[in-house]
Amino acid sequence: MNVLSIDGISKSFNERILFENVSFGIDQGQKIALLGVNGCGKSTLLKIAGGLESTDSGDVSVNKNIRVSFLTQMPNLDENANIITEVFNSEHPQASAVKAYQTFLVKAEKDPSVQEDLQAAMEQVDNLGAWDFEDKARQVLGKLNIHDSTQLIKNLSGGQKKRVALAKVLLEEPDLLILDEPTNHLDLDAIEWLENYLAAQNLTILMVTHDRYFLDRVTNHIMEIDRGQVYRYYGNYAYFLEKKADREEREMIEVEKAKNLMKKELDWIRRQPKARGTKAKYRIDAFHDLKAKASTNLKKDELEIKTGTARMGKKIIEIENLKFSFGEQSMVNDFSYVFKKKDRIGIVGKNGAGKSTFLNLLTGGLDGYQGKITLGQNTRFGYYSQSELEHTNDQKVIDVIKEIAEVITLDDGSTISAAQLLNLFLFDPKAQYNYVYKLSGGEKRRLQLLKVLMYNPNFLILDEPTNDLDIMTLNILEDYLEKFGGCLIIVSHDRYFMDRLVDQLFVFRGEGEINIFNGNYTDFREEEKNVVPVSAPTKTEKDKTEKQKSPKEAKLTFNEKREFETLEKEIEKLENQKAEFIEKLNAGTGNHEELTEWSQEIEKLTESIEEKEMRWLELSERA
C-alpha cells in the first residue's frame, strides 16, 4: 500500500534551488533514511512530506487512511503543560481517551454534574483498553531518560524537550513516522533502545540521521539529495556507498560522451545556412539538450580541514584525587589520571552523569573542586561545546572568522587568509557574505568547528560534535582527527564516530564514579554484555571498601592484560635503541648534523620510554 506520493516538486530558499522536479513514493513498511550534505534541503523535504511546508510546484499526496507523526528538530510543545499531559495531548485514540478521563476526574471533585461525562469517559477508556496507556507512556519516557513526568515543559532543556517530543510521536503509533535527527540529545543506552524499538515495529519511516550504525540497523532504503535531485538505493549504508560510486562514475562517462558529441554537433550547427535551419529543428533542439548534459557540473565540493597544531610539552594535564559536587549530588569522586601524548579518550555515560561538568572542570570553567588539576605550560585547549554558535543578527560568516584572525599560520609555516580558510570549509565567496542566522543547523556547526580549530589547539575536546553534521562532513572530520597530533577527548552518542577514533573510555557511572576502560565503545558494550551478575553476599565493611575502589584498582580487562604483557618487551627494545645512539654519541665519530640527529632521537626515545613505564606501573598496580 502506498502511504505517500511526491510528484514533480521543486523548492527554492532565497535564490538557492534546493531540489527541482523531484518525484518518489513511499510504500507501507519501508524504512527510509534521507542523506545529503548540510544545506541541501533534507529537513525541508521532511517538512514538505509531513505537510508543514509548501512546495514551489508539484504535488504531495498522503493516504487518507493513515496517521502521520512528525518529530522536528525544534519540537513545538505546550510550555505551560507538564510532561505527561503533553504526551496525552495527541490524536491517538487511547491517549485522547485517557486525557478526557483525567480532565473529567479533576472536574468531578468540584462539580458533581459532570459525573455522567466522567462515566462516559471511563467507558471509552475501557472500550479502547487504554487503562495501561499511562504506564506505557511512563515506560517509554523512562527509556528516554525522562523520569519525573510532572515537570513543566518550560523548565526543560532543549534536549529534554526533544526527548519528550520523541516519546509523544512513538506513543501515537502512527502509520508513517517522520523523524528529523532522532538520536540527537539521546545517551547511548537510549539510542540502542530506540534502535531496537524501531527495527522491531511494523512502521513506515522516513528520517534524517547521521548515525551510521543506527541507519544500518533501522532502515532498508536510502534516498540521497545530490545537486537538486533525489536518488534512491534499496539497501543499507554500505550498499549505498558502493552504488553511489557506480552512479557517479556512470555520470562522468555520460558527460564526457556528451562533450565529445557536442563538438561534432556544434560544428554542424555552425555550418548550416540560416535558411535551412528550420528543416532540422529537431536536431537543433537535441543539440540544446546535449549541451545541457555536457555542461553538467560534477565537481564535488569537499570539506578540507587545514589548520595548525601548537607544540605540546612533556607535561599535558595531571588530575589528582579530583572531587566535585553540586550540593549533595556528587559529579566526580576521587578521580586521578595523567594525560599522555596522543591520548584518544571517549567519554560515555547517561545524561546527567557529569560528563559536561568534568569537561568544564578540565578547561577551567568551574571552581570549587577538591584535588588538583595541573596543566602543562604548552597545553592549549580547543573546546567544541554543545552551546550554539554565538553571533549577532547583523554578522556575516566572514565577520565571525575575522574576529579571531584575518591570517592563520598552518603547521608547515605557510599562511592562509580567513576567506581562503572558509573556502576550505565549504563556504564559497558568496556564502561568506551570507548572514549567519540564515545558515542551516549543520552549516552553523561547521562554522563553529572552524572557530575552534583556528586557535591551533593541541588538546581537542569535542562535546557532541556529530550533532547536525552530515555524514560526508563527518567522514572528513574523522580523517582529520585520526591524523591530529595532540590529545583528543570526545563525548558523543555516535558509536561509529567513537569506534573509529578512540582507544580508551572514561565511563561515567553516576554518583561521581568514573571507570577507565581500554578499548572503543563496541569493545566496552561487548564486555558489559558478557559480565555475569552474581548473588551479592551480605554487606560487610570489606564490601563497602571494595565498592569505593578507584578506577585504577579495577581488574585488568583482556585488552589491558595483552597490553601489559607486551609493554616490557617494548620498553626493553626502546632502551636498546637508546643505548646504541648514546654509544654513537660518545664515540664522537659523527659530523655535526649526525650528532644533532642522534641527540634528537635519544630525546624522543626517552619520552617514549617514560610514557610506557608510567603505563606499565599503572597496570602492574592493578594486576
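**Entry 1: the aromatic cluster**

I started with the rings, and I found that Phe-335, Tyr-337, Phe-339, Phe-358, Phe-381, Phe-459, Phe-506 and Phe-508 form one aromatic cluster. I am working on a predicted model, where local features need pLDDT of at least 70, side-chain atom pairs count only at pLDDT 80 or more, and totals for chains, interfaces and linings use all residues. Residues are numbered from 1 along each chain as its sequence is written, and side-chain values use heavy atoms, with hydrogens and water left out.

My pairing rule: rings of Phe, Tyr and Trp (its six-membered ring) pair if their centres lie within 6.5 Å; planes under 30 degrees apart count as stacked, over 60 as edge-to-face and the rest as tilted. By this rule I get 19 aromatic pairs. The pair Phe-335 and Phe-506 is edge-to-face, because the ring centres are 5.2 Å apart and the planes stand at 70 degrees.

I took helices (H or I, at least four residues) and strands (E, at least two) as DSSP runs, numbered from the N terminus.

Phe-335 counts as buried at 1%, and Phe-506 is buried at 0%.

Phe-506 also pairs with Tyr-337, again edge-to-face, at 5.1 Å centre to centre and 75 degrees between the planes. Tyr-337 lies in strand 11 and Phe-506 in strand 19, so here the pair ties together parts 169 residues apart in sequence. Tyr-337 is buried too, as is Phe-506.

**Entry 2: the sheet around strand 11**

Next I followed strand 11 into its sheet. I see an open sheet of three strands in the order 11-10-13, with antiparallel pairing; strands pair if DSSP finds at least two bridges between them. Strand 11 and strand 13 (370-375) are at the edges with a single partner strand each, so one side of each has no neighbour in the sheet. From one strand to the next, the twist averages 20 degrees.

How many bridges join strand 10 to strand 11? Seven bridges join strand 10 (residues 317-326) to strand 11, and the two run antiparallel. Phe-326 stands opposite Gln-329 in strand 11.

Helix 11 (residues 355-362) lies across strand 10, strand 11 and strand 13, at about 130 degrees to strand 10. For angles, axes are lines fitted to C-alpha atoms, for helices over the stretch in contact (heavy atoms within 4.5 Å). The angles run from 0 to 180 degrees between N-to-C directions.

**Entry 3: charges over rings**

Arg-217 lies over the face of Tyr-213, 4.9 Å from the ring centre. The charged end of Arg-247 sits over the ring of Tyr-231, 3.7 Å from its centre.

**Entry 4: Leu-128**

I found Leu-128 in helix 4 (residues 115-128), and it is partly exposed, at 32% relative accessible area. Leaving aside neighbours within four places in sequence, Leu-128 is in contact with Pro-93, Gln-94 and Ala-97.

Methods:
Buried < 20%, exposed > 50% of the residue type's maximum accessible area, 1.4 Å probe, protein only. Lys NZ or Arg CZ within 6 Å of the ring centre and 35° of its normal.
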